[in-house]
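Please keep the sequence and the coordinates in view while reading.

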Amino acid sequence: MPVNDKVEAFIGIGSNLDSPIEQVQSAILVIDKQEAISVLKQSSLYQTKAIGPAQPDYINAVVKIETSLSAEVLLDILMDIEQQYGRQRGPVQYAPRVLDLDVLLY
């Protein structure tokens, strides 16, 4: 459900499986192609240590977007994108991920 006005939001993007740099770069393009979402700016890519069980480091980025979508619909779209990339949600909170998309600020 669109909101009346466009708002700016920040999306955190991370990956530590299956060529993480390419996963993050590709996800930015996919987010920008969504109807009612425009990527305004993106951060550099940066590497962080994973939390939890032993696993590869994460590659991360943040994008600033403009959208007319509600926060709830935006989150639904981001979860759909994660699923398209093979994201599997399970009982382990800090499991490795092909793609992790988070609404940081809306």
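With which residue does E82 form a salt bridge? The partner is R87, and the closest N and O atoms are 3.1 Å apart; a salt bridge here is a side-chain nitrogen of Lys or Arg within 4 Å of a carboxyl oxygen of Asp or Glu. This is a predicted model in which local features need pLDDT of at least 70 and side-chain atom pairs count only at pLDDT 80 or more, while totals for chains, interfaces and linings use all residues. Residues are numbered from 1 along each chain as its sequence is written, and side-chain values use heavy atoms, with hydrogens and water left out.

R87 also forms a salt bridge with D100, at 3.0 Å between the closest N and O atoms. Because D100 lies in strand 5 and R87 in the loop between helix 2 and strand 5, this pair ties together parts that are 13 residues apart in sequence. (Helices, H or I of at least four residues, and strands, E of at least two, are DSSP runs numbered from the N terminus.) Both D100 and R87 are buried, meaning under 20% relative accessible area, with exposed over 50% and partly exposed in between (1.4 Å probe, protein chains only). E82, R87, R97 and D100 are linked in a network of salt bridges.
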